[in-house]
Amino acid sequence: MSQLTEQTVARYLLEVEAVKLRPNEPFTWASGWKSPIYCDNRRTLSYPSARDYIKMAMAKAIADRYPQTEVIAGVATGAISWGALVADALHLPFVYVRSQAKDHGMQNLIEGYLPEQSKVLVVEDLISTGGSSLKAVEALRAAGADVLALYAVYTHGFSVAEELFAEAKVPMHTLSNYGAVLTEAEKIGYITPDLKPLLDEWRKDPAHWRQ
């Protein structure tokens, strides 16, 4: 992804408070990890300028790099909206993948019509450790799909996620990332330069940061 796109998306995430940085009062994730950053990309859906920029940037990137894409698949729940928006921009069919199958009705894990051997591009909102995203990829492959790649709005850039995607042979691309957010945050005065080392430490070893 171009540096301009990375920085523009990072700026939007900060402006609409989809990303919050709080190194001196860290957030606690469900995993128990302490984190200086909180990311909720769904907030950008409420801001047309941010929403449109992200939608079109992702649609163009997919069209340019994976023109053979036949179906867009969103990962529930955060990327259902992004997947649908991108599919609409590309005039492609859309499906979404549940975190687990429904316990009633058809007990679907994948919602929508997915022909076998479809060339599928997976859309995510956020890449953390990558586990939930790869479960969606496994479900699509089990249904007979050919998963081309995954595109996400943002990634923390953890090495564990990059390793998991490489092992699963799934190319992973993102519009923006942790480094771009820090650069933009410093540029607009959201953080001061003296906080950068502390913030850099977290990304290198998030499981043990401030434990």
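Q: Where is Ser128 found?

A: Helices (H or I, at least four residues) and strands (E, at least two) are DSSP runs, numbered from the N terminus. Ser128 lies in the loop between strand 8 (119-127) and helix 4 (131-142). This is a predicted model: local features need pLDDT of at least 70, side-chain atom pairs count only at pLDDT 80 or more, and totals for chains, interfaces and linings use all residues. Residues are numbered from 1 along each chain as its sequence is written, and side-chain values use heavy atoms, with hydrogens and water left out.

Q: What does Ser128 touch, not counting residues up to four places away in sequence?

A: Contact means heavy atoms within 4.5 Å. With that sequence limit, Ser128 touches Trp29, His156, Phe158 and Ala161. In an unreviewed UniProt entry, the annotation "binding site" covers Ser128; such annotations may be inferred rather than shown by experiment.

Q: How much space lies in the largest pocket?

A: Rolling a probe the size of a water molecule over the atoms shows where empty space is left. A pocket is an open set of points on a 1 Å grid over the protein atoms alone, where a 1.4 Å probe fits, with protein on both sides within 12 Å along at least five of seven lines; lining residues have an atom within 4 Å of a point. Here the largest pocket holds about 530 Å³. Among its 26 lining residues, Glu124, Asp125, Leu126, Ser128 and Ser132 are the closest to its centre.

Q: Which element gives the largest share of that lining?

A: Helix 4 does, with five residues.

Definitions and conventions:
Points joined across faces, edges and corners; volume = space filled by probe spheres on them.
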